[in-house]
Amino acid sequence: AKVSLTGIKPSGEVHLGNLVGAIRPALRLAQQYDSLYFIADYHALTSIRDPELLRHYSRSVAASWLAAGLDPKRTTFYVQSDIPEIFELNWVLSCVTGKGLMNRAHAYKAARDRNVEAGEDPDVGVNMGLYNYPILMAVDILIMETDVVPVGKDQVQHVEYAADIAGSFNHLYGDSYSFKIPQAVIPETGTGDVLPGLDGRKMSKSYDNTIPLFLPENKLKKLVRRIPTDSTPVEDPKDPDSSAVFQILEQFAPASAADVVADTRKRLEAGGMGWGELKNVLFEVLNTELAPMRERYDDYMRPGSELDEVLARGAERARERANRVLSSVRKAVGVA
Ligand code: TYM
């Protein structure tokens, strides 16, 4: 069977963008593909310096996947740092990757641009983990012989880098071992590339503009109220596609709420529906979908829940796979 793999970085609580961009599409793919989904905890180390917090977010991301419906019997579900093979392959692939490729990576470039704009030295606060980030991500993907990577649009460059890096390795050592070339799969989002956040920009942990999945109901309501809207009067027609509230509704709504979305679009365009009412609709749709997940999430987060055992079993399965590939790579490059 073909292999689907994706990861989430535990640098914050899982949010609506992660669910729509990665978790839901990944769970759909798991029905037909051999699937491996994981918590990219060493990736989070580029920004999270508080060990307790990193532990918390790692558990929380794991609990979120399970609450969203991941079946650990079907899917190999693990924590990245439990797979030491990844970090050995990371060195090998670093040695076949051009520095120029890393210089052009979006996340690193964005960090430098922010420094330049602030009149600082471009490298302030840029650690080598951030610089090497795409190589480690390529390893995550390649070591599991991945065919498809369900991700949001913001991660597509990284998957292309993984394909590039695989190509470089294969060019050098292909007579002995070749990596599979992976491909990104991105969700159909309706309007907008990615799910917008509380300030209208991409919903992102690094912008601090997220709606986390498992807030208490009253907090969820409050956050929905904070999404910016313009001052168009209630009676006037509105353009649904330029409203972050509507975009979140459209991208998040499950199939069962498709007619609510269509009806809301019509009412906005016709005039007579205010932003406040639109926010009520969004809150109801969110809460209906998330409430049952929230209960499962709370169960998994309890100390002594089956979470740790599930992840330990997943790590065992993942290591078997990683080991096979790493052995071939070690022979191919000449250390074994
Ligand atoms: P991360 O943790 O930033 O995001 C996890 C997934 O959620 C998607 N996503 C979004 N999709 C739509 N709208 C948004 N606003 C939005 N925000 C986030 C992301 O595209 C991603 O799919 N580098 C990765 C983690 C990673 C990984 C991997 C992914 C490490 N190794 C190997 C795939 C394969 C990251 O930081 O994602």
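Student: How do the residues of the shell around the ligand divide by class?
Tutor: This is a predicted model, where local features need pLDDT of at least 70, side-chain atom pairs need 80 or more, and totals for chains, interfaces and linings use all residues. Ala, Val, Leu, Ile, Met, Phe, Trp, Tyr, Cys and Pro count as nonpolar, Asp, Glu, Lys and Arg as charged, and the others, Gly among them, as polar. The shell around the ligand divides into 11 nonpolar, 10 polar and four charged.

Student: Which residues are closest to the ligand?
Tutor: Numbering runs from 1 along each chain as its sequence is written. The ligand is surrounded by 25 residues (C-beta, placed from the backbone, within 6 Å). The closest are Gly17, Gly21, Val151, Gly152 and Val194.

Student: Which element gives the most to the shell around the ligand?
Tutor: Three elements each supply at least two residues of the shell: strand β1 (3–8), helix α1 (16–29) and helix α7 (128–142). Helices (H or I, at least four residues) and strands (E, at least two) are DSSP runs, numbered from the N terminus. With five residues in the shell, the top contributor is α1.

Student: How far apart are the end C-alpha atoms of residues 10–18?
Tutor: An unreviewed UniProt entry lists residues 10–18 as a short sequence motif, the 'HIGH' region. The span is 33% helix and 0% strand. Its end C-alpha atoms are separated by 11 Å.

Student: How many helices and strands are there in the protein?
Tutor: Among the helices are α1 (16–29) and α7 (128–142). Among the strands is β1 (3–8). In the protein there are 13 helices and five strands.

Student: What is the radius of gyration of the protein, and why does it agree with a compact globule?
Tutor: The radius is taken over C-alpha atoms, and the globule rule is 2.2 Å times the number of residues to the power 0.38. With 336 residues, a compact globule would come near 20 Å. The protein agrees with that, at 21 Å.

Student: What does the C-alpha trace span along its principal axes?
Tutor: The trace belongs to a protein of 336 residues. Along its principal axes, it spans about 75 × 50 × 35 Å.

Conventions. UniProt positions are given in the numbering used here, feature names are shortened, and annotations may be inferred rather than shown by experiment.
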